[in-house]
Amino acid sequence: MIGFIGLGIMGKPMVKNLLKAGVQVRVNDLVQSAVDEVAALGALPSTQAQIGADCDVVFTILPNGAIVQNVLFGENGVASTLRQGALVVDMSSVTPGESRACAERLAMQDVAFLDAPVSGGEPGAINGTLSFMVGGDEETFQRAQPYFDIMGSSAIRIGCVGSGSITKLANQIIVNLGIAAVSEAFVLAAKAGADPEKVYQAIRGGLAGSAVLDAKAPMMYSRNFTPGGKISINHKDIKNVMNAAHNMNVPLPLTAQLYEIMQSLMLHGLADNDHSAIVRYFEELAMVKVEKQS
């Protein structure tokens, strides 16, 4: 029996894949409809304390580090009932410091911890092709490996606790700056009168081709901003990037500009759009819309 807390865009399909593989799962989330949906497939709705008491392995995937801390260590939280020898795997995108803080507090209860943020977005969660970036010791990593294999296609142990989280932050720099670069380029093309769909087809096979281009350019010119990765979540991740960078005295000038772009999008009410909506910032600057020509 394992526990799983967090049934959002990513968590819900991850639980469905665990259930399909025959894993017994206790689940918890604030959104009752999400709990009901996976319960209909065999998951067991549970309190956080029940999950701690009954599960040897507990997975969390939550919006931010403060929520992770509260779920684990708040009143009647998971840690209040965890048994010695249990394992907590946090798949949330948080800072390395937050991951280390969780690990240190759980170690006082003889509970192991991995930080294991994921990449692959909602399609990867649905298809079971997520990539896990894992921090923690090798023995603990091996305990979680069978579950990573069900939910994803790749799980790599980076190093000690916190190294998974820093890898995720590096990933978010590349992904979101990549989306910004695609946005700027397609705004230029649209302003010149070129059909963005044909521009995409022309460049995707060359050096400009990338997973980011393939995933996000069609969303831009189709005006489909249904979230696979929300602006709000990526805004939070980039804020974590900047905080971590400042703590290590690492200048990140491009990422700093990206953070301000996302701040503007948040203020314009686009928090729940997919992060392909970064294009809308550049569209407003150039007074043009990136959309395919019929």
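How many Å should the 15 residues of α12 span at 1.5 Å a residue, and how far apart are its end C-alpha atoms? The 15 residues should span 21 Å, and the end C-alpha atoms of α12 are 22 Å apart, which agrees; the expected span of a helix is 1.5 Å times one less than its number of residues. The model is predicted, with local features needing pLDDT of at least 70 and side-chain atom pairs counting only at pLDDT 80 or more, while totals for chains, interfaces and linings use all residues. Residues are numbered from 1 along each chain as its sequence is written, and side-chain values use heavy atoms, with hydrogens and water left out. Helices (H or I, at least four residues) and strands (E, at least two) are DSSP runs, numbered from the N terminus.

**Helix α12**

- In α12, the buried residues are Thr255, Leu258, Tyr259, Ile261, Met262, Ser264 and Leu265, where buried means under 20% relative accessible area, exposed means over 50%, and partly exposed lies in between (1.4 Å probe, protein chains only).
- These buried residues of α12 pack against α8, α11 (231–247) and α13, with contact meaning heavy atoms within 4.5 Å.
- Just after α12 comes Gly269, which takes a positive phi of about 80°.

**Helix α13**

- Helix α13 covers residues 279–286, and its buried residues are Val279, Phe282 and Glu283.
- These three cover an arc of only 105° around the axis, which puts them on the same side of α13; the arc is that of the directions from the helix axis to the C-beta atoms.
- An α-helix has 3.6 residues a turn, so residues three or four places apart point the same way.
- On the other side of α13, Glu284 and Leu285 are exposed.
- The partners of the buried residues of α13 are α8 (163–191), α10 (211–221) and α12 (253–267).
- Met287 follows α13 and has a positive phi, near 55°.

**Pairs of helices**

- The axes of α8 and α10 come within 10 Å and cross at roughly 50°, where axes are lines fitted to C-alpha atoms, for helices over the stretch in contact, and angles run from 0 to 180 degrees between N-to-C directions.
- That angle makes α8 oblique to α10, given that angles under 35 degrees count as roughly parallel, over 145 as roughly antiparallel, 65 to 115 as roughly perpendicular and the rest as oblique.
- The crossing of α8 and α10 is right-handed; a crossing is left-handed if the near helix is turned anticlockwise from the far one by less than a right angle, and right-handed if clockwise.
- Among the residues that meet in this pair are Val175, Gly178 and Ile179 in α8 and Val212, Leu213 and Lys216 in α10.
- Helix α9 (residues 196–203) packs with α10 at an angle of about 165°, the axes being 9 Å apart, and that makes α9 roughly antiparallel to α10.
- On the α9 side this contact is made by Pro196, Glu197, Tyr200 and Ile203, and on the α10 side by Leu213, Asp214, Ala217, Pro218 and Tyr221.
- The crossing in which α9 passes α10 is left-handed.
- α11 and α12 pack at an angle of about 145° with their axes 10 Å apart, and α11 passes α12 in a left-handed crossing.

**Loop residues with a positive phi**

- Most residues other than glycine have a negative phi, and most peptide bonds are trans.
- Asp110, although it is not a glycine, has a positive phi of about 60°; Asp110 lies in the loop between α5 (96–107) and β6 (112–115) and, at 47% relative accessibility, counts as partly exposed.
- Arg223, which is not a glycine either, has a positive phi of about 55°; Arg223 lies in the loop between α10 and α11 and is partly exposed, with a relative accessible area of 25%.

**Buried loop residues**

- Val78 has its place in the loop between α4 (65–73) and β5 (87–90), and at 0% relative accessibility Val78 counts as buried.
- Not counting residues up to four places away in sequence, Val78 touches Ile5, Gln48, Gly52, Val58, Val71 and Leu72.
- Val94, found in the loop between β5 and α5, is buried with a relative accessible area of 3%.
- The C-alpha atoms of Val94 and Val68 are separated by 9.0 Å, although these residues are 26 residues apart along the chain.
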